[in-house]
Amino acid sequence: MTDFLVIVALAALGAALAGLLAAPAVRVLRRRSVALSLFAVAALAVAAMAAGTMAVAQAMFLSGHDLGVVMAVVGVSGVVSLAAALLFGRRIAAGSRELARSARTVGSEGGFVAPAEPPTAELAALSRALEETSGRLAEARERERALDASRRELIAGISHDLRTPLAGLRAMAEALEDGVAEDTARYHSRMRIEVDRLAAMVDDLFELSRIQAGALALTYSRVSVYDLVDDALTAAGPLARASGVRLVDGGVAPLPVRVDAQQITRVLGNLLVNAIRATPADGTVAVSTRQEEGRVVLAVEDGCGGIPPEDLARVFDTGWRGGLARTPRADGESGAGLGLAIVRGIVEAHEGRATVRNAGAGCRFEVELPAG
């Protein structure tokens, strides 16, 4: 047992000596190729084994022939080990270079193309992570393009909508100044209407900017959706009568919700105004509520004739004005495409969801809110 421990100690001493002599190589190779690093590790292992064998052989007083045989075995094993390390290192280095070339495509139009067979599990995991990152970048780029398109559409729409009432106001002001207005009271009334339209448009822009900036302050309270719907129907009643549209109770239950009552009333008001203006005369707009899985769903269904399927995903986008399937407004007003964007912003600020789908003779807008 004592001889065995002596042999172990001598082998350890020889291997440690070889390791100490090779330690500077670790510092030199820290920024080198992985293939060279693997080769160096294998060379260190062979040198340590050879040094330990030599130390043990000297202590055991082996004959020259026996020592030569032992060292030959060590040498052959070392050559095979170094060749395998060099082969594996070159394979890993090639895989790293291929992954580096592929990584340069992250964020490009074509997207990241992962290498076919990464040589190690770590490189495979890195490849998957780069692929996921590239996918997220592509999604972010598409969202940015959609936002940029909606901004351009909004600017174009707002410019048109501002130009129309401003031109009318200028014409009426000039008529009053020149004294050619026969019915000045009518001119004053029309000017007030146009100013109200401009003020409402500016209010919508301000509200939308607060929503998009995350600065919308909510004051929560526990209220009944019955009261919210009643307030919204009362406000939309005059427009519905002027447009010849009937407001129908599709089943409004007194379900409790914890929301900002003023903001949700605005949501319902925007949906009702949008539905009334999109519904032909003698049509109906139905309002209903229901509860499902801890959520309260408010629905507004109109008779607009439906929305083209390709436009359904854009209904709540800023600046969206609708397609040919939407009936022109009876009052001749042109909207800036902000109402539904405000609806979505307010609902999402309440941790809810706003959706739309075609149903019956029109479309059905639904607002999901957390139950009270």
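Predicted model: local features only at pLDDT ≥ 70, side-chain atom pairs only at ≥ 80, totals over all residues.
The protein chain has 372 residues, of which 34% count as buried. Its secondary structure comprises eight helices and seven strands.

Helix H4 spans residues 121-178 and helix H5 spans residues 184-212. The two pack at an angle of about 155 degrees, and their axes are 10 Å apart. An angle over 145 degrees counts as roughly antiparallel, and H4 and H5 are therefore roughly antiparallel to each other. The crossing of H4 past H5 is left-handed. On the H4 side, the contact is made by Ile158, Asp161, Leu162, Pro165, Leu166, Leu169, Met172, Ala175 and Leu176. The H5 residues that meet them are Thr184, Tyr187, His188, Arg190, Met191, Glu194, Val195, Leu198, Met201 and Leu205. By class, this contact of H4 with H5 consists of 14 nonpolar, two polar and three charged residues.

A second pair is formed by helix H6, residues 225-243, and helix H7, residues 261-278. Here the packing angle is about 25 degrees and the axes are 9 Å apart. Because angles under 35 degrees count as roughly parallel, H6 and H7 are described as roughly parallel to each other. H6 passes H7 in a right-handed crossing. H6 contributes Leu228, Val229, Asp231, Ala232, Leu233, Ala236, Leu239, Ala240 and Ser243 to the contact. From H7 come Ala261, Ile264, Thr265, Leu268, Gly269, Leu272, Val273, Ile276 and Arg277. The residues of the contact between H6 and H7 divide into 13 nonpolar, three polar and two charged.

With regard to cysteines, zero disulfides were found in a search of the whole structure. For Cys304, the closest cysteine sulfur is that of Cys363, at 3.3 Å. The closest cysteine sulfur to that of Cys363 is in turn the one in Cys304. A disulfide requires the two sulfur atoms to be within 2.5 Å, so the separation of 3.3 Å between Cys304 and Cys363 is too far for a bond.

Terms used: Residues numbered from 1 in each chain as written. Heavy atoms only, no water. Axes fitted to C-alpha atoms, helices over the stretch in contact; angles between N-to-C directions. Helix = DSSP H or I, 4+ residues; strand = E, 2+ residues; numbered from the N terminus. Parallel < 35°, antiparallel > 145°, perpendicular 65-115°, else oblique. Left-handed = near helix turned anticlockwise from the far one by under 90°. Contact = heavy atoms within 4.5 Å. Nonpolar A, V, L, I, M, F, W, Y, C, P; charged D, E, K, R; others polar. Buried < 20%, exposed > 50% of the residue type's maximum accessible area, 1.4 Å probe, protein only.
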